[in-house]
Amino acid sequence: QVQLVESGGGLVQPGGSLKLSCAGSRTIFSSVAMAWYRRTPGKEREFVARIAADGSTTYGDFVQGRFTISRDTSKNGVDLQMNSLRPEDTATYYCFTLGVWGQGTQVTVSS
């Protein structure tokens, strides 16, 4: 069964950091593009970051150098290092590849 499982979400204060992880059930995930999206209740799903098969990366405009996406081949997945978090980063974060979505991990930025 093709599966993506996110972890690493939680509660963090403004200005803090979190590292999200996405583990894939198939080794092919290590060689294809993978991405992170996020959703806040009442809003459309928003693109966060993507890493292509060649390792090149793209980010949503709001990231402004605060997040870094990277591969973790040991998990057949990707990580998302998030620094300088803001309250508006509060959302459920989802991993995505090859038409498959993870279940999401909640990130809450609040003092």
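Predicted model: local features only at pLDDT ≥ 70, side-chain atom pairs only at ≥ 80, totals over all residues.
Both Cys22 and Cys95 are buried, where buried means under 20% relative accessible area, exposed means over 50%, and partly exposed is what lies in between, using a 1.4 Å probe and protein chains only. Residues are numbered from 1 along each chain as its sequence is written, and side-chain values use heavy atoms, with hydrogens and water left out.

How many disulfides does a search of the whole structure find? The search finds 1 disulfide, the term being used for a pair of cysteine sulfur atoms within 2.5 Å. Cys22 and Cys95 form it, with their sulfur atoms 2.1 Å apart. The torsion about the S-S bond of Cys22 and Cys95 is about -80°, and therefore the disulfide is left-handed. This pair links distant parts of the chain, since Cys22 sits in strand S3 and Cys95 in strand S9, 73 residues apart. When I say strand, I mean a DSSP run of E with at least two residues, numbered from the N terminus.

Let me follow the Cys22 side. Strand S3, residues 18-24, pairs with S1 in the antiparallel sense over 4 bridges, and two strands count as paired if DSSP finds at least two bridges between them. One of the residues to look for is Glu6, whose bridge partner in S3 is Cys22. These strands belong to an open sheet of 4 strands in the order S1-S3-S8-S7, with antiparallel pairing. Strand S1 (4-7) and strand S7 (67-72) are the edge strands, each pairing on one side only. From one strand to the next, the twist averages 15°, with axes taken as lines fitted to C-alpha atoms and angles running from 0 to 180 degrees between N-to-C directions.

Now the Cys95 side. Strand S9, residues 91-97, is mostly covered, as 6 of its 7 residues are buried. Strand S4 (residues 34-39) runs antiparallel to S9 and is joined to it by 5 bridges, and here Arg38 has Tyr93 of S9 as its bridge partner. S9 also pairs with strand S11 (residues 105-109), again in the antiparallel sense, over 3 bridges, with Val107 of S11 as the bridge partner of Ala91. Finally, 2 bridges join S9 to strand S10 (residues 100-101), in an antiparallel arrangement, and Phe96 has Trp101 as its bridge partner in S10. In the hairpin of S9 and S10, which has 2 residues between the strands, Leu98 takes a positive phi near 45°.

That brings me to backbone angles, where most residues other than glycine have a negative phi. Asn76 is not a glycine and yet has a positive phi of about 50°; Asn76 lies in the loop between S7 and strand S8 (77-82) and is buried, at 15% relative accessible area. Ser84 also has a positive phi, near 50°, and Ser84 is placed in the loop between S8 and S9, where its relative accessibility of 42% makes it partly exposed.

Which residues have the most contacts inside the largest nonpolar core? They are Trp36, Phe67, Leu80, Met82 and Tyr93, in a core of 25 residues. A nonpolar core here is a set of buried Ala, Val, Leu, Ile, Met, Phe, Trp, Tyr and Cys residues joined through side-chain atoms within 4.5 Å. S3, S4, strand S5 (46-51), S7, S8, S9 and S11 each supply at least two residues of this core. Leaving aside its neighbours within four places in sequence, Tyr93 is in contact (heavy atoms within 4.5 Å) with residues including Glu6, Trp36, Phe67, Leu80, Met82 and Val107.

My last topic is the aromatic rings. The search of the whole structure finds 6 aromatic pairs, where rings of Phe, Tyr and Trp (its six-membered ring) pair if their centres lie within 6.5 Å, and planes under 30 degrees apart count as stacked, over 60 as edge-to-face and the rest as tilted. The rings of Tyr37 and Trp101 have centres 5.2 Å apart and planes at 65°, so this pair is edge-to-face. Because Tyr37 lies in strand S4 and Trp101 in strand S10, the pair ties together parts that are 64 residues apart in sequence. Tyr94 and Trp101 also form an edge-to-face pair, at 6.4 Å centre to centre and 90° between the planes. Ring pairs link Tyr37, Phe47, Tyr94, Phe96 and Trp101 into a cluster.
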